[in-house]
There are 2 protein chains.
Amino acid sequence: MAAAEGGEPTRIMVAVNESTIKGYPHASISSRGAFEWTLKKIVRSNTSGFKLLFLHVQVPDEDGFDDMDSIFASPQDFRTMKHRDKIRGLHLLEYFVKQCHEIGVACEAWVKKGDPKEIICYEVKRVQPDFLVVGSRGLGPFQKVFVGTVSEFCVKHADCPVIAIKRNASQTPQDPVDD
Amino acid sequence: MAAAEGGEPTRIMVAVNESTIKGYPHASISSRGAFEWTLKKIVRSNTSGFKLLFLHVQVPDEDGFDDMDSIFASPQDFRTMKHRDKIRGLHLLEYFVKQCHEIGVACEAWVKKGDPKEIICYEVKRVQPDFLVVGSRGLGPFQKVFVGTVSEFCVKHADCPVIAIKRNASQTPQDPVDD
């Protein structure tokens, strides 16, 4: 057996989300950590050997929160809101795509709406990456009860190998549920 | 940020075991699968960027099974048996080390005795690899009850990112508990 020379790049899906503290267009600490880990430990200098597939799943409820005080007077207002949500998601992806572009790693990025854990597993089935990288807040069992963990669900249910990258302890915000 | 150029190689620990069907020195289907996946999807042509750390944990009970019919007449007989077990483990590791050597990937390999899941997590703490690759038989929930799964334990408890590589469905032996 020989290590692969050239051929199809390894396709890594990276699930990313926005910061719960700063909101769009800021990436969460764990998303950024997972992305940087992938570059540093897997891609390394072999930029032509990999292709990163960024998936951002917008949670309808959460994303609508900022609009609680908005007044919707016409169907156009709703369209405007939806349009704005979409733009925010795109700005988040721009952060990752820009960095890939700078270091010369091929990538694709897209936004979906729904329950992140379900959508990520669905997209894995559809896109068939070689493996999936997800960030994880590294919460304890007590905290997990309240927030659920997307990473654990994906490790169990995604149809491809999954690697969960825990957030650095030094980067944990005051409330560890934040990210 | 730039992708790492040179610098310390990424250290990947790969937990390997022998085939339950063929025994030593044959590697299990899932160990071999995890190893080949790591070369093909992660290392690729970047052979100088990675170092593989092969850990084989011998299970005292299982390994002693072949000796059930042996007659131990002196302390020397026990020493001989222990020596033979060790040799078998080394032959297993030789399989992996030889392939790494042929393609030019740095590696280290060693044998430990004990409960694989506990020892793997202990060795992760001690050796601090960048991540751990474990093969998995991909058993269903019913089969898992009886055999336990080292991979699931490591995903939960190892002090580093873990990627579990499921055995190919086409490589499943008649009894899926075999490997």
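**Note on the predicted two-chain model**

1. Lys41(A) is found in helix H1 of chain A. The coordinates discussed here belong to a predicted model. Because its relative accessibility is 18%, under the 20% limit, Lys41(A) counts as buried.

2. Lys41(A) and Asp130(B) are joined in a salt bridge, with 2.8 Å between the closest N and O atoms. In total, the rule finds two salt bridges across the interface of chain A and chain B. Polar contacts across the interface of chain A and chain B come to ten residue pairs, both residues of each being at pLDDT 80 or more.

3. The extent of the interface may be stated in two ways. The size of an interface is often expressed as the accessible area lost when the parts come together.

4. The largest nonpolar core consists of 48 residues. Within this core, the residues with the most contacts are Phe54(A), Phe131(A), Phe54(B) and Phe131(B), so named from both chains.

5. What surrounds Phe131(A), apart from its neighbours within four places in sequence? In chain A, Phe131(A) is in contact with Thr10(A), Arg11(A), Ile12(A), Met13(A), Ile42(A), Cys160(A), Pro161(A) and Ile163(A). From chain B, Phe131(A) is in contact with Trp37(B), Ile42(B) and Ile163(B).

6. Over all chains, the count of salt bridges comes to twelve. One of them joins the side chains of Arg167(A) and Asp179(A), at 3.0 Å from N to O. Arg167(A) and Asp179(A) both lie in the segment after E7 of chain A, twelve residues apart, and the pair links distant parts of the chain. Arg167(A) and Asp179(A) are both buried.

7. Chain B has a salt bridge between Arg167(B) and Asp179(B), whose closest N and O atoms are 3.0 Å apart. Both residues lie in the segment after strand E7 (162–166) of chain B, so the pair ties together parts that are twelve residues apart in sequence. Arg167(B) and Asp179(B) are buried.

8. A further salt bridge of chain B is formed by the side chains of Arg126(B) and Glu123(B), at 2.7 Å from N to O. Because Arg126(B) and Glu123(B) are three residues apart in helix H4 (residues 116–127) of chain B, about one helical turn separates them. Are these two residues buried, partly exposed or exposed? Arg126(B) is partly exposed, since its relative accessible area is 48%, whereas Glu123(B), with a relative accessible area of 1%, is buried.

Methods: Residues are numbered from 1 along each chain as its sequence is written. Chains are lettered from A and ligands numbered from 1 in the order in which they are written. This is a predicted model: local features need pLDDT of at least 70, side-chain atom pairs count only at pLDDT 80 or more; totals for chains, interfaces and linings use all residues. Side-chain values use heavy atoms; hydrogens and water are left out. A nonpolar core is a set of buried Ala, Val, Leu, Ile, Met, Phe, Trp, Tyr and Cys residues joined through side-chain atoms within 4.5 Å. Buried means under 20% relative accessible area, exposed over 50%, partly exposed in between (1.4 Å probe, protein chains only). Contact means heavy atoms within 4.5 Å. A salt bridge is a side-chain nitrogen of Lys or Arg within 4 Å of a carboxyl oxygen of Asp or Glu. A polar contact is a pair of N or O atoms within 3.5 Å; within protein, one must be able to donate a hydrogen and the other to accept it, and residues adjacent in sequence count only if both atoms are side-chain atoms. Helices (H or I, at least four residues) and strands (E, at least two) are DSSP runs, numbered from the N terminus.
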